Each structure stands twice: as structure tokens, then as C-alpha cells.
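Hello,

Here is the structure you asked to look at, with the sequence alongside. My notes follow below it.

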Amino acid sequence: MSALQRPRKGRALDLVILGVTLVVAALWLLPMIWVVSMSLKPNEELMRSTSGLLPIPFTIENYTNLMRVSAVPLWLFHSVVVALSMTLMVLVVSSLAGYAFARLHFPFKRTLFVLTIAGLMVPEHAVLIPLFTMFADWGLHNSHTALVMPRVAVPIGVFLMTQFMRAIPRELEEAAELDHASHFTIFWRIMLPLSVPALTTLGLFTFIFAWNDFLWPLVSATRADMFTVTVGLASIQGNFAFSEGLGSVMASAVFASLPIVVLFLIFQRFIVAGVAMGAGK
Amino acid sequence: MTRRGRHQATTAALFLAPFMIIYAVLMVYPLFKGVWISLHDWELAGGYREFIGFLNYEDLWYDDLFWRTVRNTLFFVVITAPTLTLVSLLLALAVYGEGRLRGVLRSIFFMSSVFSVTVVTLIWSMVLSPDRGLLVPLWNMAGMQPINFLGNATFAMPAIALATLWWGVGLPMALFLAALSQIPAEQYEAAELDHASRFTVLWRITLPSIRPTIVLVAVLQIVAQFQIFGQAHLMTQGGPANATRTMVQYVYQTGFRDWQVGYAAAIALALFVLMLGFSMLQLWLGRARDEA
Amino acid sequence: MHHSPTLGRLALAALLASTAATSAGAVELSLLRFFGDCQADYGTVTDMTKANGECGIITALTNKFNAENTLGATVTAQNVEWGAYYDQLTATYSTGNIPDIAVMHSSVMPNFTSRDLLMPLDDAFAAGGIDKADFAPAALENATSDGKIYALPFDLHAILFHVNMDLMTEAGFVNADGTPRLPASPEEMISMGKEFKEKTGKFYIASEAQAAEGMLIRLWQSFMWQQGVDVLSADGTAASIDTPEGLKAAELIKALYDEGLANPGLDYSGAEQAFLNGEAAILINGTWGVDNYNAQAASGQAALKNYSVANVPAIFGQAKVWADSHMWVIPADPSRSAEETEAAVAFLKFLNDNNFEWARTGHLSVRTSVINSPEFAALPHRQEYAGTVEAATALPQVQNSRAVFEAMFTDFNAMWLTGTEPSEALASMQSSVDRILRRNR
């Protein structure tokens, strides 16, 4: 029996549960559908009434306007650059450190590991203010560096990679060691490929975290041409924007979310599978 | 140390260096710097800095608004962390299994997690608007005055919690799905042979097998929800009458609106201490039951 | 910066080359402001007759300056949402993108001048040919701190009663001379409101009233001054909030909601919509809305057809109304070059020269030459609220005025949002404001 199959008993109960879940899922989708529908209605119509899930009267002018004058593409660019860089760096840094903790022996190993894990408890906001002043002193605000670097050394990343690598059986490495392979070769040729599930999980979580990062980009990227999607969208949500261009605001939100939703739809098969093996212990 | 040992130590240093250096500079040092800043009357712009010792903390102790934010934040954590854990668990149990339908359902519930916080707050602010929201036609049909969820002191926090639930269920659900897939099939087969009821299977086999994941999700939720900022900032701006003002919001407003960076640092550290306490508590409880 | 001989020679060459050219190299200026983002509608407009509303007019003015100035300067505007504007401006001093020109309320200026964050403009005014004597004395005074001028006064704005005359006629609230009959006492406000509701079935008043919106606090402050009480002392150390006068004013406003004379679920845009859709007779909003509502009423597309403006009536005795002022400042930036400063000053002069265009929004001009001009007198509705200039009262310029404002409406709005008693709300407001004022240095 494969891992995802269910026991046969209680089919009727199964159906009831499924039915309830379908209803919940429909309700779950409702807000998303409504927003997309509003983005396809003219602003004037929305000033009169916002009810109705079907986009009638229909218009794509909100989107064409977006293409013409909006800064959304620029925001997307920054979000993508930041999210990709952060994910890549987190994966590199965490897997390197994870290998060291999982396989190497060195003095103070235990202390350093505890120190790393202790960092799990520190909320990012406890260091927000000092980081802000530090980056201000270095003149590094309004840059991708400022948005990425503070998030690269994440204890959870090291923790995940260490646990995962510890659980990998040693036979493959022992064979390599007999061939006098360097640790780096072992890491690169054996450990990394075997760690793909954990890397996928970590990469995914990091990407989504980077995409959603709000407070830090809010205070660090204050120039309009450095806004990420999250900060940019917040900046157009004010009172006045709502009254004039509800459709435009909704279109911006939809457009800004499209890349990540598409990404998700493409990779969704790997998500649960990756998480499955990554969260093994 | 043997030559080999020294060699390993050097290799280890190289492997660890990227992480350790960044960690030290951008995480450990700022933590101490934060404490240092909190001992000053420090302004955001203009260069005014004066050492005042523990005066900020004394101020904090007598600050009614601070304690209000502590209560609000605790309230929020209490209503979201268990709920999120439970709902994501239930959803995981419901959508676990083969078949295209279940696959689609999994995608639907996960999809809401990929939106950024500003999109989520935009969606939910509109949905909950008493003027133009999604529920307004329903209120009108029932002949009732629409409830202004976000403007109502009793409902504002739960409304934010609802939006957070919609937003946050995806990732814990994925973790639970993963854990469920790890339960050996033999256990279920044995239960079938014993004609065990569905409920028994759930209670005696499924849940105990994924207990470590439940604890992990619970701790992660607590850590995450303690730090709520975006939803409160964008949906209610901390209102009405400070009913939804959270600790991180207070840090932001004190530092970036009122220029009082020193005081803000003190608030942030208070948050840290509070979270540390809760996380330790949760871990200790988890371990205690493990040993029981 | 490195100082190498080669670099020095290159710089000299560049300087010579630039002075030899007929136009200087492009000077990029950054402008930070609120007023909205309307690039879609006004991105290329330079013809002022085609610009309407705050956003349209300031965008068109910026475009016009860019097109016409002889310094080769280009001003790029960054719009920030009104509520987050000062957080953003303050942050720029740390994040290295200090704007060259920024808008500022006169009530907020002390925060910046007390920390030497603005460039003094006395010399700039002289060099740029900006006539100090033309400014209304109060306006110039607000822009001055410690004897130095730090800002270019741009307008005086106040809250008004925007009136739907059709609804007023229906309720019989019109005077013989065609002006709307407005309450002259707190009791009248409620009784007239009730009468209005009976006769028309609509709301008497519309206003933004959500948790983080402050229009009604401005009304309350107006009522305080009408009773002769200073909400904030001139030196900014004491607040008179929890007082009998404060209670009377708060009770009146709460009564509006208790008696069903206003809809507590409206936010800013909802209130405007309600007024334009003919669902309320009086909209409490500012001078900035006059041009908009006038245009909407004239277009025939809104339910509002017969639009009029009135001063906020002296319900509690004296004729006083909340006012503030928009000004333009040049934030202090040691890395700004002399060319950039020159260009920024030129932009200020341009804005000052076009003060009349800005007054078309509905804001009151601060230049006596404009106020006395026939064009200004010919602007629609201005005569209807001419009394506002006299009645305009601003809070004393104190530090942390933003925090004070927010602390006030946070507790005040609770009266109708959560049913708090006025006395409770005022007590809470008093203690919150005291706590903020305590930190003023």
C-alpha cells in the first residue's frame, strides 16, 4: 500500500468529510475570486457597487493602465531579486554549516551549535532597530544588500540541514573517504544531492518568507524605485487611492501576486513531496 | 590535537565561516547593540543620544499602552496559534490521500499562503468592509446593519485572526501532510485487521505518530504570531482604541513615528524576553509529555 | 572620497566643459509629497487649465516646471500615502535618500527644525526672488523658527461644511438669501439633525469615522477653541482635553451617532461617496475637496447637483475652526550640491509663482496678492467660506504633533466605534497626550 492510501473502512464518513472540505475550499477561494473580479471591472462601476462575483461590466483597462504607468513591474523585479538571492544564499550558507555540524569534529562544536539554536528564539524584531542604525551608518539602505543580508544567517536553516544530514547513512561517504576524497568533494558530490528534499523545503520556506517580508523593507527601502512588491502595494493602499481607483488597486494586487502563484502551481507537486522527506524527523 | 584533527578543524572553520560571520555580525552583535541602544534616549534622526541607564525600562513598566499591547499580543497568540495548528491539522487529515480532487484541494488551501501580507490585508479589508464588503449583500438580505468588524473593539482582533488563519494555514498543513506520509502502512493494516473504528485509528495511531510535528508546528506558530505586525498595521492601524495594537507595532510607531529609538529598542527586548519565556515553556511541556 | 591628481584634473575638465555648454548637465531633484498618485491621468499634463484636484494640480505643476525651467532640472516626485508620510520622510534621513524638496504641515515643522533637519531659506528667498512681504503674516510666522525662515508657505487649509443644497431645501433649511441654515448651538445641531432625518430620511452629517481617521477630532478641536479653550498650550507642555468644555464638545459629536444622524461605518472615501450619492446633507471635510465636489456636481453624473460650501458654524460661540498649512521645505542634506540647491530653490519659486493654481483646489492662498486678485475672487464658492480665513485656528507648533493627533483620535473614535463614554474617552486622551508631551525637549 503506498504512503498516500487510506484504510478502507468508513467510506461514507470519508465522503462526508470530503463534502465539507469542498465547501470550505469554495469559501476559501471566494475572496480571491472576488478580488480578481473587481480588478476586471471599471473603477467608476466599483465606486457605485462592489458586490457581485462576476466581472460584469468587464474591462481590462485596469491592467492596461498598469502596464503603461505602474511601478508594479519594478516592484516585482526587486522582490524576485531579493527572494532569489536570499534563498540561494540561505541554502549555501545553511548546507555548509549543516555539514560541519553533522559530520565534522572540531573544538567548541557543541557550544557553537547551542549558540546557533539559541538564535531560533530571537525574533527578528528584537534586532530590527539596531540593524536599522547599523545599515544607516554604513550607508547601505535602499539596496538589495540591505534587504537580503540580515536574513541569510538563519538558525532554522542550519538546524534543518544539520538534522537532515545527520540522518543520512554514512556508507556512501565512507566509500568516498577510502578514496581520499576531500570533505568538500564529499559535501558537493554526495551530501548535497542527497539533501535535495531538505534543500527544497528550506528553499521554499525562505522564498516565501522573503516574498512576504514587510517591516524591514518598509523601513529600509524608502525610495520608491527600490520598493518590493509588499511595500509597494502597501503604499498604494491609503484612503485616497481606495476612493479613486479600487479596480486599479485590485489589479495591482493581482498582477503582483501572479508570478508567485504561477511558480507555486508549477512546483506544487514538489512542495508536499519535498516537505515530506525534509521534515522526516 | 592530531594532525587529522587539526585538518578537520580547519575544514570545519571554512564550512562554518560564512554562517558564523554573518550570524555574528548581523544577529548576535545587533542583539547586544539593541540592549545598548535601549539604555539611551536615542533619536531616529538628528544625532541626539543621551545615556539614561534603565530609565526606558522604568518608563515601560508604567506605560499603560505597553501593557495594553502585551495583552493584545498575548490574546492574538492565544486565539491564533492553537487554532492554526488545529485547523491545519484537520485540513491535512481531510485532504490527505490520492486522487486529483485531493490534489486540487491541497493546492487551494496552500495557495493562500503564497500571497504577500499586503495582498492578504487588502483582500480581507475589502471583504470585511461594512460599506462595500463581500458580506454586505448578506447583511442586507437579512435586514441587518452590517457589522463593522475592523472598527469594533470586540471583533477587530478576531477579524485579523481570521485573515491570518486564511493566510497561514498552508505551510503547517504541508508539514502535517509530510508527517502523515511517514506513518508506516503496516500500522493501518494492523488496525484494519482489528476492525478498529476510524476514530480509534485517528486517536491511537495517527495522532501519536505525528506528535513531534504537532509540537513543532505549535512552537513555530507561537514564534510567528507573537511578531504580528503587517495585518494590524494595514487593516486596523492598531485601532479601534488600541484594541489591536501589537507589540511590534508599538516598536515601529515608537521608533519610526515618534523618533524614540531607545525606547523602541527597550520594547523590542521586552518582546524578546516574553517570547523566550513562552517558547521555553512550550518546549518544556512538549518534553515533559515525551518523557511521560 | 579619494583625492588623486588625475581625478582632480578630470573634475576640473568636467567643470570647464559644463560651464562652456549652454545648459548645465541634468540636475535631478527628488520631491517627496503626499496628495496622491495620478500618473495615469496627469502624467504628461502641463496645461494648468486641464488639471483639477490636489493630485492633478501638483503633478501638472511639476511637469510644467520640468518642461520650462532653464537650469536643466528634472523633478521626480515620490508620492507617499498621507498617514505614512512623516514616517517615510524621517526614515530618509537614515536611509540615505533625503529628498531635495518635501511638503510639510506647519504643525509638524517643529520636529524637524528642533533637530536642524531643514535648510534655512532666508538667503534662498532673497536669491530666488521670493517676496516675503507678500505672505500673510500668520503664514510667514508659521514658517519661521528662531528668527529664520525654514519653509515656503503654500496654503492655509481648514475643515468646512460641504453642503447638499437640494437636501437642505427638502428639509426647509434654507435662508432667505439662499444660504443653508446651519445650527447655532449644540442643541440646535441635534434638533435640526433630527428634523432633517424626519423630513428626508437621510443622514444629516457624513464624515470619516474609522479607527485611524481624524476628521472628527479636528471638529472637536474647533469646538474647543469656540469655547475659548486652548487644546494645547503654546509651549506644548500641557493639554486641556479632559475639561468641561471638552466634555460638551465630545458629547455633541457622540450624540450625532447615538441619534442616528451620521453613519459610523464610513471611511474617508465612503464619506465622500455618501455625500456625492446624495445620502447625507453635510460632509465634514476640508478645503481640498471644493474643486472636486464642484466638478462632480457640475458634471451631472452624481446625485449631488446643487453644491454649496459653508464655514463650520460657531456652534459653541466664537467663530473658530481647525486649520493647518502646507509648506514646502528643503531638507538638510550635506551631500547636496550647489546646483541641486539652486534648482530646488528655483522649484520653490515656481511653486510660489503658481500659488493661484494651487488655490483652485479649494485651499486658501497665503499670498495677499493672490487673495486680493480678481481671479481668486472669481473662483467658485470661495465667497461662501470667506469667513474661514478669520476663524482659522491652528494648534501651536509643538513637537510630536503627529503623535498627539493620533493619540487623540485613537481614543476619541472609540466613542462611537466601541460605545465608550465621552468622559472615559477624554480621560484616556488626556493621559495619552500627557505621556507624549512629557517627552518633548
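Where in chain C is the place of C:Ala209? In this predicted model, C:Ala209 sits in the loop that runs between strand 7 (203-206) and helix 10 (215-226) of chain C.

C:Ala209 has a relative accessible area of 0%, which is under the 20% cut-off, so this residue counts as buried. Setting aside neighbours within four places in sequence, the residues in contact with C:Ala209 are C:Leu216, C:Tyr257, C:Pro264, C:Leu266, C:Asn413, C:Trp416 and C:Leu417. C:Leu216 is also one of the buried residues of helix 10 of chain C. As for C:Tyr42, its C-alpha lies 30 Å from that of C:Ala209, and 167 residues separate the two in sequence.

Next, helix 10 of chain C. From first C-alpha to last, its 12 residues reach 17 Å, close to the 16 Å expected at 1.5 Å a residue. The helix is mostly covered, with 12 of its 12 residues buried; among them are C:Arg218, C:Trp220 and C:Trp225. Just after the helix, C:Gly228 takes a positive phi of about 85°.

Last, strand 9 of chain C. In a regular strand, side chains alternate between the two faces of the sheet. Strand 9 (residues 307-310) is covered on both faces: C:Tyr307 and C:Val309 are buried on one side, C:Ser308 and C:Ala310 on the other. Strand 9 pairs with strand 6 (residues 152-164) of chain C in the antiparallel sense, over 4 bridges. Opposite C:Ser308 of strand 9 stands C:Val163.

Regards

Technical notes:
Residues are numbered from 1 along each chain as its sequence is written. Chains are lettered from A and ligands numbered from 1 in the order in which they are written. This is a predicted model: local features need pLDDT of at least 70, side-chain atom pairs count only at pLDDT 80 or more; totals for chains, interfaces and linings use all residues. Side-chain values use heavy atoms; hydrogens and water are left out. Helices (H or I, at least four residues) and strands (E, at least two) are DSSP runs, numbered from the N terminus. Buried means under 20% relative accessible area, exposed over 50%, partly exposed in between (1.4 Å probe, protein chains only). Contact means heavy atoms within 4.5 Å. The expected span of a helix is 1.5 Å times one less than its number of residues. Two strands pair if DSSP finds at least two bridges between them.
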